[in-house]
Amino acid sequence: MRPSRRSPRTGDSSSPLSLAGWLFADLALLLFIITVAVAADFPAVDAEAAAEASASPSASPSPSEEPSPTTEPGVQSDPIVYYIDSDASGLIDGDKGTAQALVAAMEDDIAALVADGYTVGFAMTFGGAVEPGVGGAMAESANEILVAAFPEFFGDAPTRAYWTSSGKDGIEVGTLQIELFLLVV
């Protein structure tokens, strides 16, 4: 008795050729479905709009159609940075004299920016301290004081308070590093 042999072409569903065929068919079907889904996202072309788009432009431009330069809205990539020495405990405790000194230190610069039409996109304030909790609280207090003192400049811009270690890069205990990212005018 001879052992029976099956040819891969005679319906053996476990042969490599059969599996490759099914894989190809599945991938082709998937590609078709993706193509249909992408095509459905595009709006239908109106016949009149297509005719207008294909029409040749006039040889002389209309004098009333002058392009105006436009600026994309956004935030300037380079911040304006202020370093202000303050009384850390006075800021945290809400001392009015410390708050007035902070406002006075920034008042002229902010008035000039407001006169030029600038507003804050967002602000980051770093409080110089030995411990993170003190530096963060100091920066948060400074943000609250500045937003209250200059509402037309800060508006509803987000402010963030951070700690920076004192003793590095000229930062001492009580030094505020205020970074203002302005909106493009």
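Visitor: How many bridges join strand S2 to strand S4?

Guide: Happy to start there, with a predicted model in which local features need pLDDT of at least 70, side-chain atom pairs count only at pLDDT 80 or more, and totals for chains, interfaces and linings use all residues. Residues are numbered from 1 along each chain as its sequence is written, and side-chain values use heavy atoms, without hydrogens and water. Strands here are DSSP runs (E, at least two residues; helices are H or I, at least four), numbered from the N terminus, and two strands pair if DSSP finds at least two bridges between them. S2 (residues 120-129) and S4 (residues 175-182) run antiparallel, and the bridges between them number seven.

Visitor: Which residue in S4 stands opposite glycine 127?

Guide: Strands of a sheet pair through backbone hydrogen bonds, either parallel or antiparallel. S2 and S4 are antiparallel. Opposite glycine 127 stands leucine 176.

Visitor: Which strands stand at the edges of the sheet, and why is one side of each left without a neighbour?

Guide: The four strands form an open sheet with mixed pairing, in the order S1-S4-S2-S3. One side of each edge strand has no neighbour in the sheet because each has a single partner strand; these are S1 (80-85) and S3 (159-165).

Visitor: Is leucine 30 buried, partly exposed or exposed?

Guide: Leucine 30 is found in helix H1 (residues 16-41). Buried means under 20% relative accessible area and exposed over 50%, with partly exposed in between (1.4 Å probe, protein chains only). At 44% relative accessible area, leucine 30 is therefore partly exposed.
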